[in-house]
Amino acid sequence: MQISDTSAIVTGGASGLGGATAAALAGSGARVFAFDLPAAIDKAPKVDGVTYVATDVTDPDQVRAGVDTAAGEGPLRTVVNCAGIGPSARILSKKGTHDLALFRKVIEVNLIGTFNVVTLAAEAIAKTAADEHGQRGVVINTASIAAFDGQIGQVAYAASKGGVVGLTLPAARDLASSGIRVMTIAPGIVDTPMLATVSDEFRQALAAGVPFPKRLASPEEYADLALSIIAQDYLNGEVIRLDGALRMAPR
């Protein structure tokens, strides 16, 4: 599918996976609209071809406004959902039971936020002209290997990412008639700002647990995979693990 001279949306696009993907899409000639919260945008680097749009992915009005902005600048063809949060808490701990509000918040951002963007963006993509093969666009969502190998303290995060995995195939089937593909990437341990505060020793321990290559993934590797998915028209309705064959231990 052609990327140049089209519009693309990347949620969580101010940093990490989203930041790398936004830059990669812009480098391929797309007009990129990076959705993120204002505080994240304030810290984001300036990237040619990337326009930052203050957007809470859980807010339908904000997402619709952002989608309208992107679609107004050319045919919207690509959506990559990277926005997410990952707090840790056990169901039972010395502090008591898992906070229900926290569980609900993780589900709201990671799963409902993803669904919200998919739905409203698909509506706009479906209004564009199809190419000679009948395709109009592609949506790439972000799960995690925690969807399959959730660790102690990841019950909310794993549940939210499991939901993203679960919606992949039915979403692809729902949107097939509109010429829209839906794919999901499930990353392993990626060297993003979320790991910026940990020690070098801890980072080395994380890397040592990866079968091969024995290192953390880079956000640019996620972005490269996203571009490959966009280019391969027959990839649809599938989840791809990007994890160096890592299978997470309980803790």
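This is a predicted model: local features need pLDDT of at least 70, side-chain atom pairs count only at pLDDT 80 or more; totals for chains, interfaces and linings use all residues.
Residues are numbered from 1 along each chain as its sequence is written.

Trainee: Are α4 and α6 roughly parallel or roughly perpendicular to each other?

Mentor: Helices here are DSSP runs (H or I, at least four residues) and strands too (E, at least two), numbered from the N terminus. The axes of α4 (residues 100–125) and α6 (residues 155–175) come within 8 Å and cross at roughly 20°. Angles under 35 degrees count as roughly parallel, over 145 as roughly antiparallel, 65 to 115 as roughly perpendicular and the rest as oblique. So α4 and α6 are roughly parallel.

Trainee: Which peptide bond is cis?

Mentor: Most peptide bonds are trans. Look in the loop between α7 (200–208) and α8 (219–231), where proline 213 is found. With omega near -5°, the cis bond runs from phenylalanine 212 to proline 213.

Trainee: Does aspartate 5 count as buried or exposed?

Mentor: Aspartate 5 sits in the segment before β1 (7–11), and has a positive phi of about 60° although it is not a glycine. Buried means under 20% relative accessible area, exposed over 50%, and partly exposed in between (1.4 Å probe, protein chains only). At 53% relative accessibility, aspartate 5 therefore counts as exposed.

Notes. Side-chain values use heavy atoms; hydrogens and water are left out. Axes are lines fitted to C-alpha atoms, for helices over the stretch in contact, and angles run from 0 to 180 degrees between N-to-C directions.
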